[in-house]
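Good morning, and thank you for coming. Please look at the structure on the screen while I speak.

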There are 2 protein chains.
Amino acid sequence: MSKVKLGAVPLVYPIPIVLVGASVDGKPNFTEVGDCAVMGIKPALVTISLSASHHTTKGIDETGVFSINIPSTNMLSLADYCGIVSGRNVDKGTLFTTFLGDQTAAPLIQECPVGLECRVLEVVQVKHRRLFIAEVVECYVSSQFVESANGKETVPHLSKLDPIIYALDNRYYRIGDAIGTGYQEGMSHKES
Amino acid sequence: MSKVKLGAVPLVYPIPIVLVGASVDGKPNFTEVGDCAVMGIKPALVTISLSASHHTTKGIDETGVFSINIPSTNMLSLADYCGIVSGRNVDKGTLFTTFLGDQTAAPLIQECPVGLECRVLEVVQVKHRRLFIAEVVECYVSSQFVESANGKETVPHLSKLDPIIYALDNRYYRIGDAIGTGYQEGMSHKES
């Protein structure tokens, strides 16, 4: 299997599509972001990266908090739109029904099945990219998606959440079939 | 749509499954990681997060470089296995055909359709999690997946790469259908 070298391309995939929310000059604003990931479960850590000059970035710098809202595929055109236009020119807070997080007052999107309230812990700037490492302080899930396990409410099945997925081929995708269980699929190698 | 609060849960999805490679005490080692994302295109930035005590972490701290190798679904059981066992006890370098990156000598996996050579720029530790912010210095793609655009070799279609996707429901998934194009789907809202 010969390899072709494409140069300095950050070809990590799949890319999650989220709407990052912040209060900018007192108004809710949302931008489409793919530069977002879990960075740990306990403590509950996430990282996002934004252009230093973006309108949402200003709000996060001012308030020290932000939200991550995860749209479903039925919100694709609105999510993409939030990546096309700037909050400097368009009031993107009016595109959604919003609510404020209990703990941080970061603006969240009611229509998204999952929303996370995040508090910034560390900021790292690399050239024009501003990376925010944050703790998740609350996770809001639309009630119809919540599962129960051992009498406790727990995270939804990914297929039910129907996320928008992106890749550097500049296409959006939907999630496919479940193919296995974590920490189980590899046990055959352990036993052999 | 009423919301249920699940507490401090970092419910970002989908999660990419990658194998992070590093040379530890002079031997290639690989571990399964979901805490990984693109953090910028130009400059080409990625972030990964590992437990500070893990074997691979030691190698990255020692060498300042690592690789990100992205398996396809036909490698699911091996990828999962790399997340179950530690390089302290198992020589995971023997599970794959490996090669060294041209620029960093980080060990890469031949069988993965995509591999990235990464050089650490910043390290942030939050409790026991160690986050490495890195620049991608080279991207290796198996030749059969490379596309051409305007006479230039470019990134593959995500569906052909057939990635392993994970979520906090502890299930693995495959990618589904393409549903749109970036910076196009939202144009209808712009024109209206």
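Predicted model: local features only at pLDDT ≥ 70, side-chain atom pairs only at ≥ 80, totals over all residues.

Residues are numbered from 1 along each chain as its sequence is written, while chains are lettered from A and ligands numbered from 1 in the order in which they are written.

Let me begin with symmetry. Two copies of a chain are related by a rotation about an axis and a shift along it.

Next, the interface. In total, 93 residues of chain B are in contact with 93 residues of chain A, where contact requires C-beta atoms, placed from the backbone, to lie within 7 Å. Strand E15 (residues 171-181) of chain B supplies the largest share of chain B's side, 11 residues. Strands here are DSSP runs (E, at least two residues), numbered from the N terminus.

How do the E15 strands of the two chains pair? E15(A) and E15(B) are antiparallel, joined over 7 bridges; two strands pair if DSSP finds at least two bridges between them. A:Ile175 has B:Ile175 as its bridge partner. This pairing belongs to an open antiparallel sheet of 6 strands, in the order E2(A)-E14(A)-E15(A)-E15(B)-E14(B)-E2(B). At its edges, strand E2 (15-16) of chain A and strand E2 (15-16) of chain B each pair on one side only.

Finally, consider strand E7 (residues 65-70) of chain B. Is it enclosed or open? Because 6 of its 6 residues are buried, E7(B) is largely enclosed by the rest of the structure. Buried means that 20 or more other C-beta atoms, placed from the backbone, lie within 10 Å of a residue's own. E7(B) pairs antiparallel with strand E3 (residues 18-24) of chain B over 3 bridges, and B:Val20 stands opposite B:Ile68. Strand E10 (residues 114-126) of chain B also runs antiparallel to E7(B), with 6 bridges; there B:Val65 is partnered by B:Arg119.

Definitions and conventions. Helix = DSSP H or I, 4+ residues; strand = E, 2+ residues; numbered from the N terminus. Buried ≥ 20, exposed ≤ 12 C-beta atoms within 10 Å, placed from the backbone. Contact = placed C-beta atoms within 7 Å.
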